Amino acid sequence: MTHARRRPPAPLAALLPLLLAALLLLAGPLRAQEDAVFEVDGLNAGLGAVPDRVDRRTPRTAIGSFLESAARKDWDAAAHLLDLRDVPEADQAREGPILARQLHVVLDRKAVLDWADLRQRPDALQALGGSQQAQAGEPRRSLLIRELDLDFAPAAILLNRVKPGEDADPVWVFPQETVADVPALYRLYGPSEFESRLPEVLLQEGFWGLMWWEILGLPIMILAAIALAWAIHRAFDTVRRSSDQAMVRGVMDALSTPAVIAGVTAFVGWSAGTIFVFSGRIDAFISPLVAIGYVLAVLMIVMNVIDAVLDNTIAPGEGVDLTTAERDEARSTATRLNAIKRIAAIVIFLVGAGIVLSTADVFRGLGLSLLASAGALTLVVGFAARNVLGNIMASLQIALNQSARVGDRIVWKEHLCYVERIHLTFVQLRDWDDTRVIVPVEEFVSETFTNWSIQDPAMLRILKFKILPDADLDALNEAFADIMRELKDGDEVGPWIADLDDVKMNITGQDVFGLDVWFYAPCTDPNNSWTVACEARERLVKAIQRMAEARGRPIFPEATPAEGA
């Protein structure tokens, strides 16, 4: 009896291609892990056998062997850590040690090694890592040690894992691309002409891994920078003293400090690049400090120059008063300048922070790898500066919506004052008695205040009195009208009194003590309305006292302090 061959069920047959595809996808990463090397035909045949003291199995042992060989001045051994395939085989024994020495100088002066990134594994696999680290859990065949500026494009100092032959074991070496850039990097970052002329004793290592010339040269450079700072400050001070123009003196004051910072920064940057080419331990601090110096100088120039313009052209000061009605446009201009200053400060700060962080290796040099990450550093800085940043944004809000302009007369928490300055973190108010009230910007914008200078500067000042119900109200109204007419005709406060048609008296309420009587005094300008109100009140009180004497009984209620409370 013949049996037919059993076929798999139709659904299973349909799944077989999918299963095969899945197996191929799984095999891909496995093969990629096995092939995490650069396969080459040969490596440094012209150097001879690799000494036993050179260990190139892992990134950490490779760098360690290179540095140990350099410390012993054994450049022949150090040359085995370089991929010299671009050098003719006959010249490798001669060129290799030279290139190794030059690369060590560049690394020593410009690279701060992060040993945590140099794994003690042949495959350099990073066993730990989250979703933010894309290469966690994968073998590596190339590691970036440092990027250095070079001519048109940065030069990358890499460490590659190469397999020189079918039966050879993979090793970690500096690749051809890095070796090709070594001569140019050495010319740019190697010893200066000044250093090459120093006696041999100063080129010896002193302490903290620094050479004696560095230990002596750093204080000399600092003293020279201090002398330069004094000279720049003296020059600006001389120009300021010799000028009789307020604008020139203001600009010199504004530029003096940033010019000192910029000059010292330029001198330190030039010295550290041409005369004193320091090692990486010092350069890790100098590079970010130079970047900070330039950013700080630009920021101070923008802030100080705008402040000088405000002080000497449109801001309150000698001969200039922004609080008057005629200066309404100047108040708006001053507030716009403050807004420009804040926007410029924020932009310069953000750009400068990016430049400083991009040039700073100091975090890795101190072992603070956590702080070196952008996310952690952003959290730390943001938490520490949350109040400052909040005030800056609030001041920008005031400057843009102009709810309180520079020079506006306002009433803030019972203070009759005008806005003298809107700084980055606080508002400076000048009270009616010329005292200054300093208010944090966030508090200022969160409180309700009265702005007397918005729109029409004319206003009504209200004089509030408590009068007995049996007083002659018509006589009071007529007496107040006569007082305002006399003030209007006088020279002292007459120009500050508006249309007399707005002079009136209203009864706004009553209680057991008497009537609430309000007298309205029209004023042309809120800045002078206080004086008008005080003068009118004084004369009205005297008139009421005369009326009380004439009728033989008081007009003001007589109550004890307890009853009044």
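Analyst: Strand E6, residues 415-422, and strand E7, residues 426-431, pair in the antiparallel sense over five bridges; here strands (E, at least two residues) and helices (H or I, at least four) are DSSP runs numbered from the N terminus, and two strands count as paired if DSSP finds at least two bridges between them. This is a predicted model, in which local features need pLDDT of at least 70 and side-chain atom pairs count only at pLDDT 80 or more, while totals for chains, interfaces and linings use all residues. Residues are numbered from 1 along each chain as its sequence is written, and side-chain values use heavy atoms, with hydrogens and water left out.

E7 and E8 form a hairpin with four residues between them, and in its turn Asp-434 has a positive phi of about 70°.

Turning to the charged contacts, a salt bridge is taken as a side-chain nitrogen of Lys or Arg within 4 Å of a carboxyl oxygen of Asp or Glu, and by this rule the count comes to 17 salt bridges. Side chains of opposite charge can pair when their charged atoms come close.

Helix H7, residues 212-242, holds both Asp-237 and Arg-240, three residues apart, about one turn of the helix, and their side chains meet in a salt bridge at 2.9 Å, N to O. Asp-237 forms a further salt bridge with Arg-241, the closest N and O atoms being 2.8 Å apart; these two residues also both lie in H7, four residues apart, about one turn of the helix. With buried meaning under 20% relative accessible area, exposed over 50% and partly exposed in between (1.4 Å probe, protein chains only), Asp-237 is buried at 19%, Arg-240 is partly exposed at 22%, and Arg-241 is exposed at 63%.

Salt bridges that share partners also join Asp-91, Arg-94 and Glu-95 into one network. Of these residues, Glu-95 and Arg-94 have side chains that meet in a salt bridge at 2.6 Å, N to O; Glu-95 is partly exposed, with a relative accessible area of 25%, and Arg-94, at 48% relative accessibility, likewise counts as partly exposed.
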